[in-house]
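Please look through the sequence and the model shown below before reading on.

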Amino acid sequence: MKDLSGARTGFARAGTPMKHHFDQPPEGFRILPGRLDRPAQEALLADIRAVVEAAPPYRPQMPRTGKPFSVRMTNCGALGWVSDRAGYRYQSVHPETGRPWPPMPQALMDLWRAVADFPHPPEACLVNLYDADAKLGLHRDEDEDEFAAPVVSVSLGDTCLFRLGGLARADRTRSLRLSSGDIVVLGGAARLAYHGVDRIYPGTSTLLPGGGRINLTLRRVTPAP
Ligand SMILES: O=C(O)CCC(=O)C(=O)O
Ligand SMILES: [Fe+2]
């Protein structure tokens, strides 16, 4: 059983007692709009193209039901997040090719260092590929063993409607649009906040020639030394 008590307490303090506090996002949620300018987005996209060449995107399946995700995924870094009938987990190899994930591009290591406020490097970068119809249901990122490190999330390509909730699935949610170059940090109490992607707005960015959206989530998986 993972210890979520610290984060829970933080949210209860920040989120429940007074009505006028209720609409505040959980403590530790940060959005950095336009953090990456167009040249930085293009450079990162070139890095991600190389990742996708080496580790082809595949469609994960929901645990138990085997229902396919609408989002295609791949990873870079020492560990990658995967999902199939056996469950959610991190592993060091691509589930279809059996090869190690490609290394994390230096630009992502640098970005983590600049925004994560955590003294150890990320170990995993999940690459989510959204076409116009893809979505990602409300969930928490909770398969890691280090919740002191934030999740750093980079948006590239078409704008999406992102939903942020609280620490309980039933908590009130708020919606925000994330555009190409925006960065979201889920740290502190927000590290275990529910979130998801409700829709993609096709034609809102010229970064990806075929349209769609790419999201990169950088995570620390194992306990920091
Ligand atoms: O695409 C996004 O903005 C969020 C992705 C996400 O929540 C995840 O991969 O766990
Ligand atoms: Fe997530």
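## A loop residue to begin with

Is R64 buried or exposed? R64 is exposed, because 9 other C-beta atoms lie within 10 Å of its own, where a residue counts as exposed at 12 or fewer such atoms, as buried at 20 or more and as partly exposed in between, with C-beta atoms placed from the backbone. This residue is found in the loop between α3 (38-54) and β2, and although R64 is not a glycine, its phi is positive, at about 70°. As background, most residues other than glycine have a negative phi.

D117 also has a positive phi, of about 55°, without being a glycine, and D117 is found in the loop between α4 (106-115) and β5. D117 counts as partly exposed because it has 15 C-beta neighbours inside 10 Å.

## Basis of the model and overall fold

This is a predicted model, in which local features need pLDDT of at least 70 and side-chain atom pairs count only at pLDDT 80 or more, while totals for chains, interfaces and linings use all residues. Residues are numbered from 1 along each chain as its sequence is written, and chains are lettered from A and ligands numbered from 1 in the order in which they are written.

The secondary structure of the chain comes to four helices and twelve strands, which are DSSP runs numbered from the N terminus (helices are H or I runs of at least four residues, strands are E runs of at least two). Of the 225 residues in the chain, 39% are buried. Among contacts between residues at least 6 apart in sequence, 75% join residues at least 24 apart; two residues are in contact if their C-beta atoms, placed from the backbone, lie within 7 Å.

In soluble globular proteins, nonpolar side chains tend to be buried together.

Strand β5 pairs in the antiparallel sense with β2 (residues 72-76) over five bridges and, also in the antiparallel sense, with β12 over seven bridges; pairing requires that DSSP finds at least two bridges between the strands. C76 has C125 as its bridge partner in β5, and Y130 has R213 as its bridge partner in β12. Leaving aside neighbours within four places in sequence, C125 is in contact with N75, C76, G77, M104, L108, L216, T217 and L218.

C76 is also among the contacts of P102, together with V51, A54 and A55, when neighbours within four places in sequence are left aside. P102 is found in the loop between β4 (87-91) and α4, and P102 is buried because 20 other C-beta atoms lie within 10 Å.

## Surroundings of ligand 1

Which residues surround ligand 1? They are L126, N128, L136, D141, S153, F162, H195, V197, N215 and T217. Strands β5 (124-130), β11 (195-200) and β12 (213-219) each supply at least two residues of this shell. By class, the shell divides into four nonpolar, five polar and one charged, where Ala, Val, Leu, Ile, Met, Phe, Trp, Tyr, Cys and Pro count as nonpolar, Asp, Glu, Lys and Arg as charged, and the others, Gly among them, as polar.

## Positions listed in the record

An unreviewed UniProt entry lists H139, D141 and H195 under "binding site"; positions are given in the numbering used here, feature names are shortened, and annotations may be inferred rather than shown by experiment. Although these residues are spread over 57 residues of sequence, they cluster in space, with a largest C-alpha distance of 8.7 Å.

D141 lies in the loop between β6 (136-139) and β7 (151-157), and D141 is buried because 20 other C-beta atoms lie within 10 Å. Beyond its neighbours within four places in sequence, D141 is in contact with V151 and R219. H195 has its place in strand β11 and counts as buried because it has 20 C-beta neighbours inside 10 Å. With neighbours within four places in sequence again left aside, H195 is in contact with L138, F162, R163, L164 and G165.

Terms used. Near = placed C-beta within 6 Å.
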